[in-house]
Amino acid sequence: MIISVTEPFIRNHEKKQWFVYIIECCDNSLYTGITNNLENRIKTHNEGKGAKYTRARRPVTLRYYESASDKSSASKREIAIKKLSRSQKIKLINN
């Protein structure tokens, strides 16, 4: 038996690219997060619909991002970055 797979099915099941990002808030604080749509996520933060932390610290500016192969890898990297000191995060941003 041959089963035909439609193109929309394939598109909807393609592997999504994930990103770990650091944004700088208007008070100069840094926020780290993950997303599979970086442009939309930054927009969401700036509309006040993002993380509770950033709602009162708008506007935010993207300072750093890196790609990850999947959500799990992105989450692990996010945790590692959050453990860094502010000066270490700034070095990461500047490199």
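Begin by selecting Tyr21, Tyr31 and Tyr53, which together form one aromatic cluster. The model is a predicted one, in which local features need pLDDT of at least 70 and side-chain atom pairs count only at pLDDT 80 or more, while totals for chains, interfaces and linings use all residues. Residues are numbered from 1 along each chain as its sequence is written, and side-chain values use heavy atoms, with hydrogens and water left out.

**The rings**

The structure holds three aromatic pairs, where rings of Phe, Tyr and Trp (its six-membered ring) pair if their centres lie within 6.5 Å, with planes under 30 degrees apart counted as stacked, over 60 as edge-to-face and the rest as tilted. One of these pairs is Tyr21 with Tyr31, which is tilted, at 6.5 Å centre to centre and 45° between the planes. Tyr21 lies in strand E1 and Tyr31 in strand E2, so the pair ties together parts that are 10 residues apart in sequence; helices (H or I, at least four residues) and strands (E, at least two) are DSSP runs, numbered from the N terminus. Tyr21 counts as buried at 1% relative accessibility, and Tyr31 likewise counts as buried at 17%, given that buried means under 20% relative accessible area, exposed over 50%, and partly exposed in between (1.4 Å probe, protein chains only).

Next, turn to Tyr31 and Tyr53, whose ring centres are 6.1 Å apart with planes at 15°, so the pair is stacked. This pair links distant parts of the chain, since Tyr53 sits in helix H3 (residues 52-55), 22 residues from Tyr31 in strand E2. Tyr53 counts as partly exposed, at 31% relative accessibility.

Arg57 lies over the face of Tyr53, at 3.8 Å from the ring centre, and Lys82 lies over the face of Tyr31, at 6.0 Å from the ring centre; a charge sits over a ring if NZ of Lys or CZ of Arg is within 6 Å of the ring centre and within 35 degrees of the ring normal.

**The salt bridges**

Glu78 is buried, with a relative accessible area of 14%, whereas Lys82 is partly exposed at 45%.

The structure holds five salt bridges, and another to select is Arg63 with Glu24, where the closest N and O atoms are 2.7 Å apart. Here Arg63 in strand E3 (residues 61-68) and Glu24 in strand E1 (residues 18-24) are 39 residues apart, so that distant parts of the chain are linked.

**The nonpolar core**

Finally, select the largest nonpolar core, 11 residues in all, including Trp18, Val20, Ile22, Tyr64 and Ile81; such a core is a set of buried Ala, Val, Leu, Ile, Met, Phe, Trp, Tyr and Cys residues joined through side-chain atoms within 4.5 Å. Its largest share, three residues, comes from E1. Leaving aside its neighbours within four places in sequence, Tyr64 is in contact (heavy atoms within 4.5 Å) with Val20, Tyr21, Ile22, Arg77, Ile81, Leu92 and Ile93. A second, separate core of nine residues includes Ile23, Tyr31, Leu38 and Ala51.

Key
Salt bridge = Lys/Arg side-chain N within 4 Å of Asp/Glu carboxyl O.
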